[in-house]
Amino acid sequence: MKSIAVSTATNKSPMRSRDQGPSKREAILDAATRIFLTHGYEGASMDLVAQESGAARRTVYNQFESKEVLFNAAVERVWRDMPVVSIMSDEAALEDPALGLRKVGLLIADFWTPDQAVAFVRMVISESNRFPDLAENFVRLGKMPALRALIDYISAMNGQGIINVQDPDLAARQFVGLVNEPLLWYRVIGVGGAPSKDRRQQVVEEAVATFLARYSAKGTAAAS
């Protein structure tokens with residue numbers, strides 16, 4: 001009986017560790033995001049993150065070996081909510097550029113609606129002169145995967161002859177700019193609040209119409 005009791009306790013311990021691991025990591029990332037936004041990258045420290053998360057300092061270092069690694073993980077998590085990368089698996093979008101661009105545009109607009117997302121951009125910009133790697137990692141880990149998905153989507157539409165684009169990279173950046181200029185950048189410098197759903201939809205519809213007016217192949221409807 002004694003050996004059975006020991007065996008049972010041993011079996012439970014790894015399961016408890018696995019259950020707590022992801023939640024502890026998320027708690028640390030939550031705390032790190034708050035610390036980075038409050039203190040900036042330079043003012044943030046692993047000790048502050050440990051205090052904010054309620055985790056032991058050693059636990060924080062076990063999960064993230066340095067402040068840079070922790071920041072990169074926080075960046076990746078911020079961009080995790082940008083599901084533009086799934087557009088290439090959307091069969092309906094692959095047949096209708098207006099539908100696909102509308103979906104992408106709304107995903108972008110909705111992604112930037114929370115104040116925290118805008119604050120993260122503001123923080124990266126303010127710290128980038130002292131820490132150039134911050135901006136590079138923010139783009140590499142976050143923006144580029146989403147932008148690459150849009151470039152691939154535009155290239156696919158171009159390959160089917162649905163649109164006529166000479167430079168898919170430029171066209172993708174133009175479309176993102178049509179959405180972000182009226183919805184994001186004034187908020188980055190602290191002007192205005194989060195746009196309403198109606199405003200976001202209006203901006204996206206105009207962006208789609210403008211894009212397709214320029215790039216629709218001859219004889220293809222500009223919007224659906």
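This is a predicted model: local features need pLDDT of at least 70, side-chain atom pairs count only at pLDDT 80 or more; totals for chains, interfaces and linings use all residues.

## Helix packing and the pocket

Helices α6 and α9 pack at an angle of about 35°, and their axes lie 10 Å apart. The crossing of α6 with α9 is right-handed. On the α6 side you will find L101, V104, G105, I108 and A109, which meet F175, V176, V179, N180 and L183 of α9. Sorted by class, this contact of α6 with α9 holds 8 nonpolar and 2 polar residues, with no charged ones.

Helix α6, spanning residues 97-111, also packs against α11, residues 197-215, at an angle of about 140° and with the axes 9 Å apart. That angle makes α6 oblique to α11. Here again, the crossing of α6 and α11 is right-handed. From α6, the contact draws on P97, A98, L101, R102, G105, L106, A109 and D110, while α11 brings R200, Q201, V204, E205, V208, F211 and L212. In the contact of α6 with α11 there are 9 nonpolar, 2 polar and 4 charged residues.

A further pair is formed by α4 (residues 67-79) and α8, packed at about 40° with axes 9 Å apart. The α4 and α8 helices cross in a right-handed sense. Their contact is built from E68, F71, N72, V75, E76 and W79 of α4, together with D133, L134, N137, F138, L141, G142 and K143 of α8. By class, the residues between α4 and α8 are 6 nonpolar, 3 polar and 4 charged.

| Helix pair | Angle | Axis separation |
|---|---|---|
| α6 and α9 | about 35° | 10 Å |
| α6 and α11 | about 140° | 9 Å |
| α4 and α8 | about 40° | 9 Å |

Which residues are the closest to the centre of the largest pocket? The volume of the largest pocket is about 350 Å³, and of the 20 residues lining it, W79, W112, F138, K143 and W185 are the closest to its centre.

At least two lining residues come from each of α7 (115-127), α8 (132-159) and α9 (168-183). Helix α8 gives the largest share of the lining, with 7 residues.

Technical notes: Residues are numbered from 1 along each chain as its sequence is written. Side-chain values use heavy atoms; hydrogens and water are left out. Axes are lines fitted to C-alpha atoms, for helices over the stretch in contact, and angles run from 0 to 180 degrees between N-to-C directions. Helices (H or I, at least four residues) and strands (E, at least two) are DSSP runs, numbered from the N terminus. Angles under 35 degrees count as roughly parallel, over 145 as roughly antiparallel, 65 to 115 as roughly perpendicular and the rest as oblique. A crossing is left-handed if the near helix is turned anticlockwise from the far one by less than a right angle, and right-handed if clockwise. Contact means heavy atoms within 4.5 Å. Ala, Val, Leu, Ile, Met, Phe, Trp, Tyr, Cys and Pro count as nonpolar, Asp, Glu, Lys and Arg as charged, and the others, Gly among them, as polar. On a 1 Å grid over the protein atoms alone, a cavity is a set of points where a 1.4 Å probe fits but cannot get out, and a pocket is an open set with protein on both sides within 12 Å along at least five of seven lines; lining residues have an atom within 4 Å of a point. Grid points are joined across faces, edges and corners, and a volume is the space filled by probe spheres set on the points.
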